[in-house]
Amino acid sequence: MQEVREVASKEIRNFVSSKVHKLQSSYLSVSGKSAGARQLAALRHAITGEPGSSADVWDLEIGGLRDDLVGKGDRPSRAEWAVHGALTLYAFHQQSRSEPMHVSGNEHGLGFAMRDLIQRDKARYDNLAEGELPRRFAALVTAESMAEMLHYLRQLVQQLKSAGIPLDYGLLAADLYRLQDAYQVGSVRRRWGREFARRKRQELSEGKEG
């Protein structure tokens, strides 16, 4: 069962990475900017709805998704929620930015990004106690529903966007998928915590060297 979960998680990461790469390439290119802008606008319009609620993004969100990951009943599947969340958040993140806001690689996970945000805006976070998480990040870590998670993620992405800090949206999609599984929630949260703490250790090490 664990192997099946990991295969599905990897499939979702690759699926979203491919979709976002194409969207980003189009939006940041001269020839494809208008088409890319329209697609991102459609995704942003769908950001507060459920998967499948906006016909304008059906192909972006579902087209090419493996059959067994697509929902069969009235409610969206876990995979559909993960893809919808990641794609709409990326569209929001990339809006009006001229540099890529999706960058592949584990070093662009959410925990690393949050530590970078604190470093870039020290005045805003100077009241945080040692080891304390930013309020919205802490709320995300303890959120129990997908709607609640996406609510806090939108707020965090707004801050990352303002600071010009990218995310790996394929990795975020895989995280959103796994967070809907009671057996995998702890694993995702631990990785975020390790990323956040690891970047802190790097800062301290660099400070000593300087």
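The model is predicted, so local features need pLDDT of at least 70 and side-chain atom pairs count only at pLDDT 80 or more, while totals for chains, interfaces and linings use all residues. Residues are numbered from 1 along each chain as its sequence is written, and side-chain values use heavy atoms, with hydrogens and water left out.

A nonpolar core is a set of buried Ala, Val, Leu, Ile, Met, Phe, Trp, Tyr and Cys residues joined through side-chain atoms within 4.5 Å; buried means under 20% relative accessible area, exposed over 50%, and partly exposed in between, with a 1.4 Å probe and protein chains only. The largest such core has 55 residues, and Val-16 and Tyr-169 have the most contacts inside it. Two or more residues each come from helix 1 (2-28), helix 2 (33-45), helix 4 (78-94), helix 5 (110-120), helix 6 (135-142), helix 7, helix 8 and helix 9 (185-209). Helix 4 gives the most, with ten residues. Here helices (H or I, at least four residues) are DSSP runs, numbered from the N terminus.

Of its 17 residues, 16 are buried, so helix 4 is largely enclosed by the rest of the structure. The expected span of a helix is 1.5 Å times one less than its number of residues; for helix 4 this gives 24 Å, and its end C-alpha atoms are 24 Å apart, which agrees. After helix 4 comes Ser-96, in the loop between helix 4 and helix 5. Ser-96 counts as exposed, because its relative accessibility is 66%. Its phi is positive, near 65°, although Ser-96 is not a glycine. Most residues other than glycine have a negative phi.

Helix 8 (residues 169-178) is mostly covered, with ten of its ten residues buried. At its start, a side-chain oxygen of Asp-168 comes to within 3.0 Å of the backbone nitrogen of Gly-170. Helix 8 packs against helix 1 at an angle of about 145°, with the axes 7 Å apart; axes are lines fitted to C-alpha atoms over the stretch in contact, and angles run from 0 to 180 degrees between N-to-C directions. Among the residues making this contact are Ser-9, Val-16 and Ser-17 of helix 1 and Tyr-169, Gly-170 and Ala-173 of helix 8.

Which residues does Val-16 touch? Not counting residues up to four places away in sequence, Val-16 touches Val-83, Ala-86, Leu-87, Tyr-169, Gly-170 and Ala-173, where contact means heavy atoms within 4.5 Å. Ser-17 also lies in helix 1, and it counts as buried because its relative accessibility is 16%. Its side chain reaches the backbone oxygen of Arg-13 at 2.9 Å. Leaving aside neighbours within four places in sequence, Ser-17 is in contact with His-102, Asp-168 and Gly-170.

Gln-159 lies in helix 7 (residues 146-163) and is buried, because its relative accessible area is 10%. Beyond residues up to four places away in sequence, it touches Leu-117, Arg-124, Tyr-125 and Arg-136. Gln-155 is also in helix 7, but counts as partly exposed at 25% relative accessibility. Its side chain makes a polar contact with the side chain of Arg-136 (2.8 Å); a polar contact is a pair of N or O atoms within 3.5 Å, where, within protein, one must be able to donate a hydrogen and the other to accept it, and residues adjacent in sequence count only if both atoms are side-chain atoms.
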